[in-house]
2 protein chains.
Amino acid sequence: MQAKKNSHPGNVSPYHRAMAKAPVLTPRADDFPRWYQDLISKAELADNGPVRGTMVIRPYGYGLWERMQAEMDARIKETGTQNAYFPLLIPQSYFAREADHVEGFAPELAVVTHGGGKELEEPAVVRPTSEMIINDYFSKWVQSYRDLPLLINQWANVVRWELRPRLFLRTTEFLWQEGHTAHATYEEARDFAAHIQRHVYGDFLTSVLAMDFVSGRKTVKERFAGAVNTLTLESMMGDGKALQMVTSHELGQNFAKAFNTRYLSREGRQELVWQTSWGSTTRMIGALVMTHGDDNGLRVPPRLAQIQVVVLAIKGDEAVLAKVRELGDRLKAAGLRVHVDDRTDTPFGRRAVDWELKGVPVRIEVGPRDLENGTAMLARRIPGGKEPMPIDSLVRLLPAILDEDQALLLTQSRERRESRTSDVSTIGEAVEVARDGGWARIPWADLGEEGEAALAEHAVTVRCLVAADGSVPDADDAPGNVAVVARAY
Amino acid sequence: MQAKKNSHPGNVSPYHRAMAKAPVLTPRADDFPRWYQDLISKAELADNGPVRGTMVIRPYGYGLWERMQAEMDARIKETGTQNAYFPLLIPQSYFAREADHVEGFAPELAVVTHGGGKELEEPAVVRPTSEMIINDYFSKWVQSYRDLPLLINQWANVVRWELRPRLFLRTTEFLWQEGHTAHATYEEARDFAAHIQRHVYGDFLTSVLAMDFVSGRKTVKERFAGAVNTLTLESMMGDGKALQMVTSHELGQNFAKAFNTRYLSREGRQELVWQTSWGSTTRMIGALVMTHGDDNGLRVPPRLAQIQVVVLAIKGDEAVLAKVRELGDRLKAAGLRVHVDDRTDTPFGRRAVDWELKGVPVRIEVGPRDLENGTAMLARRIPGGKEPMPIDSLVRLLPAILDEDQALLLTQSRERRESRTSDVSTIGEAVEVARDGGWARIPWADLGEEGEAALAEHAVTVRCLVAADGSVPDADDAPGNVAVVARAY
């Protein structure tokens, strides 16, 4: 079964092709959105929830999120940020305090009007983000320069009513982390947002998710509601569209003014704080699928994978079962994340396809004949292919194999973006590139806000602005700025 | 300042006593509830939220929860249970499906009636617990005996409208884990609930929280809405009241019938599954405070503590700062969880009181004179007292000191319950014992449901039933059952 799936269709006679089973997933080239849905469902990542736009994250999908959380949380804590938890329910009146913020979020709010069997005196909003409630407490907690910087992160669920929901990418409820900080100076806040963008988010995407990205600043039109600057990391998905992975915002003093958050400086003056906020969400799971997935399913980067190696018993033979369990224990002892699949009451082929769908980087298959030969079949999900290996060499070889696979995914992701990005000089060309599933780079001086509006008519957006040297520009209109233009999720 | 706090009031003249600063907290003996509130606030564990009954869990309080999560999660995963995530919002109609369950929860529900600027066709309930939505998916996921047991856990927030809120103990929103499982047989479900109660919850309370408890079964009156049996662990707080720490429920086939959750057995028959659910919440933080707290603040068990050792620089002297940092690094390298307090722009006495309030097990104080002597002051929060120690001996001594402190807290907790528990034979005596801040044990045969109702008039409840030999009884009316009776939070 495995061999059939891997062989090139051109090698098979039309008769055999017709007889072969239908592909497990709709091929990406036929219908990318359908492929995505198929994969999410068949790899058991998530189901739709009963309230429109909500989702059930199934154990295998949630395992990806747990590993993302662990890797991100360690990086966030290294910046000196501490976790806390703020209420889900926010009085509706809070949303009137910051004008841009309320305008940005009003259409998406879910409102609780009844509690404990009675109509509430003031309705409560289910948080769409926590700037409002966190700033209320920041204004109480910050008194003196000694209280700064105040660096807080929260892991939580948020609700934004979603009209065109899509699992992981746009859901009415999603899980995320949201960082909120207050600083004594503009420079410190600006540098902190940039530090998060590079050393928390950028490093996580590169070294754990194995995802390439472009780092830039959002245009005024695309900025977070209430921010003075939004930094973004944008990645190219398998169909060439862009996806905003994470954002960090400089909030300036907008919220500090709205909540009157002041500190007594060393010089004895009352000063407004400077703030940042930054977030990343379960959308990253969708991005992972659309970046590394192929027509056989997901491919999980080894550093992220909750299961790096699955050891499969081909048959329920006592000797085979003993061998897979022993091998599983040895691989675990070597520090690998291992699952032993001994559910031999399910056909082997079905289990193999299942692990392939789920994208576990390495499968080790052990049957009665392997025991005789002292070998096991090593199947590599990321580059593809399988070959027999001496069973005793596996503990030694696997760490290097996993490192190689991790690096390969990042290279493939980078090469995709590079090969599909074109420099253009007109709006027409930019639209054409984006329509063909690529990214266009166009000087911001040639585009501007009018050009940005013109692109929008073709469902094409400016994903971010980058400086001529590829760095993040200090201002939208800095000379040499280039707009990265694409269709986006 | 430290010395003054620790010295016995009897050693101080009336004049000096009058001059001494007011105690940091209201003493427990004066007003236990006020002491609790003072401690939560001054140790910076939590604040009240703006929507009635909600709370903000501050970083130090959330750090306790993070450590609880880590320890519990590892134990939960060892049972083969996997984490997943189900939606916050549940269609209101779902709550009509299981009659007892809806009756139990209806008065506490928070209801979203508007989303995205429009009135919803069907209102959505903010989950008060997830039996309803999880069982909806279980009925889809369970097809065959191969899918069983299905063992799922969720870490999430839930909302139950609370009329008499109290931080951590009863809040409109709280954080928890809720386990939900489906099994092929009654025996397997029963044994799984008991296993969770003993090997996850019981072990966690004993070995991490250092909290004594009585393990028993709830009476019919106190059972979870929809369960056929509820197991509970009940602990005695510092004022002698009881607090229900965690519960595990046997759900029988009640939800399986409501959701028609059936599996194809090995014998080819369609059978209803047997289920359990079990939960533990941020209420455990309140229990921790009320169990181990004293008039100087919290005392955190070392195995739970996010900061086991704080190394304080008494003055901002270069040599002192270098020493505390070096010592901090050495202690961290030895595997301890260490915080270096070098905020010497805040007076030392205030910082020392602060760490005492927060209950960090060990403080190591280093000043210029200590450097000369090669010593540091070792202050132990749990037994109390401080003494100078050779600075180079600390890395060697601290692990044993922390183990000793962990054991001491458990012993104190057990001794409190044992010394305040009395065997009685009449309802009048039971009420008297409970009123005096103790627990009464009374044969269930002498109490019964009528006696239980009579106790309720005095705000006294049956916390649980235990068998004559102290084990958990198989039935409410098993011969020899003893009711443990107390006032409770």
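The contact between the two chains takes 54 residues from chain B and 54 residues from chain A, where contact means heavy atoms within 4.5 Å. This is a predicted model, in which local features need pLDDT of at least 70 and side-chain atom pairs count only at pLDDT 80 or more, while totals for chains, interfaces and linings use all residues. Residues are numbered from 1 along each chain as its sequence is written, chains are lettered from A in the order in which they are written, and side-chain values use heavy atoms, leaving out hydrogens and water.

**Interface**

The size of an interface is often given as the accessible area lost when the parts come together. Chain B and chain A bury about 4,200 Å² between them, and 61% of it is on carbon and sulfur atoms. That buried area uses a 1.4 Å probe and is summed over both parts.

Between chain B and chain A, 26 residue pairs are in polar contact, both at pLDDT 80 or more. A polar contact is a pair of N or O atoms within 3.5 Å; within protein, one must be able to donate a hydrogen and the other to accept it, and residues adjacent in sequence count only if both atoms are side-chain atoms. Strand S5 (residues 110–115) of chain B gives the largest share of the side of chain B that touches chain A, six residues. Strands (E, at least two residues) and helices (H or I, at least four) are DSSP runs, numbered from the N terminus. The side of chain B that touches chain A divides into 32 nonpolar, twelve polar and ten charged residues.

**Salt bridges**

A salt bridge puts a side-chain nitrogen of Lys or Arg within 4 Å of a carboxyl oxygen of Asp or Glu. The whole structure holds 61 salt bridges over all chains. Two lie across the interface of chain B and chain A. The table includes one of these.

| Residue | Partner | N to O distance |
|---|---|---|
| A:Glu66 | B:Lys77 | 3.0 Å |
| A:Arg351 | A:Asp341 | 3.0 Å |
| A:Arg380 | A:Glu404 | 3.1 Å |
| B:Glu162 | B:Arg170 | 3.7 Å |

A:Arg351 forms its salt bridge with A:Asp341. A:Arg351 lies in helix H11 (residues 348–358) of chain A and A:Asp341 in strand S16 (residues 338–341) of chain A, so the pair ties together parts ten residues apart in sequence. A:Arg351 is buried at 1% relative accessible area, and A:Asp341 is buried at 1%. Buried means under 20%, exposed over 50%, and partly exposed in between (1.4 Å probe, protein chains only).

The side chains of A:Arg380 and A:Glu404 also meet in a salt bridge. This pair links strand S18 (residues 375–380) with helix H13 (residues 394–419) of chain A, 24 residues apart. A:Arg380 counts as buried at 18%, whereas A:Glu404 is partly exposed at 48%.

**A buried glutamine**

A:Gln197 sits in helix H7 (residues 186–207) of chain A. A:Gln197 is buried, with a relative accessible area of 4%. Beyond its neighbours within four places in sequence, A:Gln197 contacts residues including A:Ser215, A:Leu231 and A:Val246.

Conventions
Buried area is the accessible area (1.4 Å probe) that two parts lose on being put together, summed over both. Ala, Val, Leu, Ile, Met, Phe, Trp, Tyr, Cys and Pro count as nonpolar, Asp, Glu, Lys and Arg as charged, and the others, Gly among them, as polar.
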